[in-house]
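Please walk through this structure with me, from single residues to the whole chain. Keep the viewer open as you read.

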Amino acid sequence: MDHELNQIVQAILIASDHTQASLHQQALEYLSTVQQNASNTWRQALALFVDGTPDGTRKYPPQVRFFALRVLDDFLDNRFEPLDDECFQTLQQSFVSYIQSEYLYGPAETSAPFLRNKFSHTLTLFFLCTYMDQWPTFLTDLFSLIRPAESSSQPTFNPHVSLLFFHLILEISGEVADQMLKSARQYDATRQSRDTRVRDAVRERDAARINEAVLTIVANSAERMTKLRKGGDTAAADRDLVSAEEVVDWGIRTFGSYVGWIDINLTVTPTTIPLLFSLLSDPSLPIRLATCVALLRIVAKGLKEPSDKLQLIKVLSLGQVLGALESKTRQEQENRGDDIDEGEESYREALGKLLNVLGLELMKVVEECSNEEIRSEGSRLLEEVLPVMLRFMSDEYDDTSSTVFPMLQTLLSNYKKSRKISSEPIEDSKRSFLASLLRVILEKMKWDLDSDPDDMDEDDKAAFEGLRKDLRTFMDAVLVIDQDLVTDAVRTLVLNTFTAYQNGVSIKWHDAELAVFLVYMFGEINKSGGKGRAAFCQAPVVPREKRKETDYSEYPLTHHGEMLYTLVSSGISGYPHRTVAMQFFETNVLCPGLHNPESSVRSRVYYLFHRFVKDERNEISVEIAQSLIESIRDLLVIEVEIPELEEPDQQDMLTEAVNNPGIFDAQLYLFESTGVLVSLSFKTPEHQGQLLLSLVKPLLEELSVSLQSVKGPQDVVPILKIHHVIMALGNIAKGFPDYPSPLPEGYILPPLDVFRDVAQAIVVSLEAMSVFKIVRDATRFAFARIIGTTGPNVINLIPPLMTNLLTHFELTELVDFMSFIGLLVHKLQEDIFDVMDQLIGPLSAHITDVLSQPVTGTDDLIAQTDTKRAYLTFLNTIMSSKLQGIFISDRNKSRFESLVGSMERIAQDLSDTTSAKSAFAFLGRCVVVWGQPVPPVPNGAAAVPQALPGFEQFIYERLVPMSFKVISLPQFNIKDGQILVILHEIANFLQTVCKTRGQEAYDFFVSVFLPAQGWPPEMAMEFATKLRDLDSKAFRKYFADLVRASRSGS
């Protein structure tokens, strides 16, 4: 055995030494083998861990002993059968001897503290294996080691063994009762059953002794702490104090770990409550934090009767205690001033969490109990803690503030329910609380005065915006409960701030920004305001055709209108802080922002202007549209920015420039906005055409000049300009309404001649520049938008477009290309039949070749999966657009069977559930189209073109069996949400077969298929009847329940 031990030790030392490169991998493989064969190597591992030297130290170094514990863990973990007697006795004796020598009389692994935690885990696994049958006195035997002999000079309780005991109980609680740990590991019914039996046995045999031991040790050590703090300040006393504090800390953590799963009469007693409350304000921060957690778990413990929970809360009197501690810690916080103490802030955070759970439990009592007396008492206690909740919520530290959000959310939800069922005015106490709450919300919505949103860490900025979102949700809830309260609070703050600023009073930037933000937010949460102009003035209903000629200035303003008017007239847009200006433009898009000298501001305002034009297009007159276009013409000059490359030898300049386009990305919003504005002149087609031409002509001229400037790939700027111009032209087209299908009578078409010239110019550019991927990408982008606007009117350009797109084609473009073609199919439908008839064969062959390539890494797998999903989406688009004829045309019919066969294979591949679902959807469409019964054809008459003779046999012989085969696959785990989606799609497919083929399919299932699968006749009849008669939702539920039942019964 010594030889084997030396081999393992040498392997560990080599594996830990990266300088021995030649042997490093070999050592790792050997150790992996040792670990995998733990059932044979556990004895060596045990020896490596416990063996000592004559002088009482451990024989092997810490890294060797740590590895030994890993092997023992593998041996003991997930072991549900008793150990054989010899094995059990060897491990038991070795572990007890080790604890006695190392913890009772030794240094307790002082030189390698990490081994303590590791050993406690190993000991826990041994406990789980043996406690039920082989070592029922496990804990009793351990208790006997905690208190040393009367003659010992040690303190009353051995701190080392006490800490080991605490760690062991913590580990046991985690293994048998921690729901988070259970949900994190793979479900195992045997383990679940074992853990439940162990937990019940601990409750019955040892729970009282565990609790008594823990609390006795904690109380004893707490008493020692008090004496040591009062005693002399010596090095020895300091060491003893640290030791005592460590024991109390881990003791309270241990207590908190089991209070949720043992009898509450053991944990909440006249002795424990004073002890816990004394530790809740102990000078040691870890002890205070551990006590908060323990009390939280006591309060949150599930009790059957609301009266029991209320009694528990009254016994604890936590509301008063937390109120006093909040005041005390707030005063300490104020005394610290700018000196931040993160530890003490974490304590306030823990107190906030404790209050939050207390509030939630009180609300459960009030909502769930039918006894009016108990409900009334619960409501009284809840009202007592609401002011404390507001004080925590107003904490300047957001982590502390947000601890009470769940309590507040539930409270407001309950208030909203009460308002729905009662028409009585809200009680004064509730209204007073809500008014106080609004003051806190408005204060918390401010940025920190010393922060700079433009120079903040992105995570910090996102955290504040998330906080604002939560606070807005609360304000929205208060608005539902008492609208006037919110309106008055917001209106007062907004008007006071803007009026003061207008009168020259100095306003801090975060106050100004909040007032502007509230105007924006009020417009979104205000439920009483109308749409459009009705949101801003109290005007009567005006017919749509007269809205643009009505003078609304004679009507009084709404509250929102008053705030918006004051916002604009106050001059706050000129406030010398960028965040205020940006919030102003967010709230009220105005043209001056479009010409702001800062490009970062312009970028944002371009988007806001686009959103304004798009949202308010029906309110903008032709005259205003013309004026807006003229005001931004100078901004429609294409700007090309060349980025600096970090690695010029490895980076492609064109790609990097397109990925980092600077202001141009935002400019695209302007080009789309001009398209929207031009489209508003549809009643005067000639004028509209001239206006559109005036916008695109400079771009087409720029395109021509740039084309002539390109001599080779080194001419980066003109190539980028070609890309940008094509993108801009596409965005102008995007601003126009979609081409309707079918075309309504009297529909006024867009300026088709202008768009044809644009499309032709883009195709010419592509022909000359198709070697550049960025030009191909831009062309697809632009053409998709032009087709959306013009419909089939530029279809003559599709063939040359396809030819040039495919002349130089990279694999990475395949997904985008299929999306582009799918869009054309959707928009043009039968008009693109001939083009698709020519394209589908070569495209499918190319994709099949791509999907058959071996996968050599994660990138390959992702690319292949994306390609497959895009292809399936494309095929389904063809079917939904009624172009399925291309699959069985003279040119492509020879490939049809292999196409359907590939869909079968994809449908059975559960490693990619998204693709499998799409494959079933495609097969279902095939059944609907080609699986229709063929009616008798009179002599001389033409056959029904939709039906495909013989396809019904394919359905019955291949597709239906394949569907049931998928369900029977070992990896078909119905508990997996993605697999359930597949099951629903299979259910849809089977119903499609039944509805398409009618009685024939019903008979097939009842008399042929299901009996052949071994189904009893009555079960087959029930299934086929439900398949035929239920709606799709009801059948999916029935089918899922049937599969679950069959799986649980097998």
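A residue counts as buried when its relative accessible area is under 20%, as exposed when that area is over 50%, and as partly exposed in between. The model shown here is predicted. Start with Cys87. Its relative accessible area is 2%, so Cys87 is buried.

Cysteines raise a question of pairing. A disulfide is a covalent bond between the sulfur atoms of two cysteines. How many disulfides does the structure hold? The count is zero. Cys87 shows why: the closest cysteine sulfur belongs to Cys129 and sits 9.0 Å away, too far for a bond. The cut-off used for a disulfide is 2.5 Å between the sulfur atoms. Cys994 is in no disulfide either, and its nearest cysteine sulfur, in Cys926, is 19 Å away. Is Cys994 buried or exposed? It has a relative accessible area of 5%, so it is buried.

Now step back to the whole chain. Which secondary structure elements does it contain? There are 47 helices and zero strands. The chain has 1050 residues, and 48% of them are buried. Along its principal axes, the C-alpha trace spans about 110 × 85 × 70 Å. Consider the contacts with a sequence separation of 6 or more. Residues 24 or more positions apart account for 71% of these.

Next, go to helix H17, which covers residues 318-336. Arg330 is found in this helix. What does Arg330 touch beyond its sequence neighbours up to four places away? Its contacts are Arg348, Arg391, Phe392, Ser394 and Asp395. A polar atom of the Arg330 side chain lies 2.3 Å from the backbone oxygen of Arg391. The cut-off for a polar contact is 3.5 Å between N or O atoms.

Move on to helix H35, residues 752-769. Ser765 lies in H35. Its relative accessible area is 0%, so Ser765 is buried. Leaving out residues up to four places away in sequence, Ser765 touches Leu703, Leu707 and Ile726.

The loop between helix H34 (716-734) and H35 deserves a stop of its own. Leu749 is placed in this loop. Its relative accessibility is 31%, and Leu749 therefore counts as partly exposed. Leu743, Tyr747 and Leu749 make a nonpolar surface patch of about 230 Å². Pro742 also has its place in the loop between H34 and H35. What kind of peptide bond joins Ser741 and Pro742? The bond is cis, with omega about 0°.

That bond leads to backbone geometry. Most residues other than glycine have a negative phi, and most peptide bonds are trans. Asn78 has a phi near 55°, a positive value in a residue other than glycine. Its place is the loop between helix H4 (62-76) and helix H5 (85-104). With 42% relative accessibility, Asn78 counts as partly exposed. Gln829 is not a glycine, yet its phi is positive, at about 50°. Gln829 is found in the loop between H38 and helix H39 (833-851). At 26% relative accessibility, Gln829 counts as partly exposed.

Finish at another loop, the one between helix H37 (798-807) and helix H38 (814-828). Phe809 is found there. Its relative accessibility is 24%, so Phe809 counts as partly exposed. Which residues does Phe809 touch, not counting those up to four places away in sequence? They are Leu814, Phe817 and His846. Pro387 gives a sense of scale. Phe809 and Pro387 are 422 residues apart in sequence. In space they are 67 Å apart, C-alpha to C-alpha.

Methods:
Residues numbered from 1 in each chain as written. Predicted model: local features only at pLDDT ≥ 70, side-chain atom pairs only at ≥ 80, totals over all residues. Heavy atoms only, no water. Helix = DSSP H or I, 4+ residues; strand = E, 2+ residues; numbered from the N terminus. Polar contact = N/O pair within 3.5 Å; in protein donor to acceptor, adjacent residues only side chain to side chain. Contact = heavy atoms within 4.5 Å. Patch = residues over 30% accessible without salt bridge, like charges linked within 9 Å, V, L, I, M, F, W, Y side chains within 5 Å. Areas by Shrake-Rupley, 256 points an atom, 1.4 Å probe, with all protein chains shown as cover. Salt bridge = Lys/Arg side-chain N within 4 Å of Asp/Glu carboxyl O. Buried < 20%, exposed > 50% of the residue type's maximum accessible area, 1.4 Å probe, protein only.
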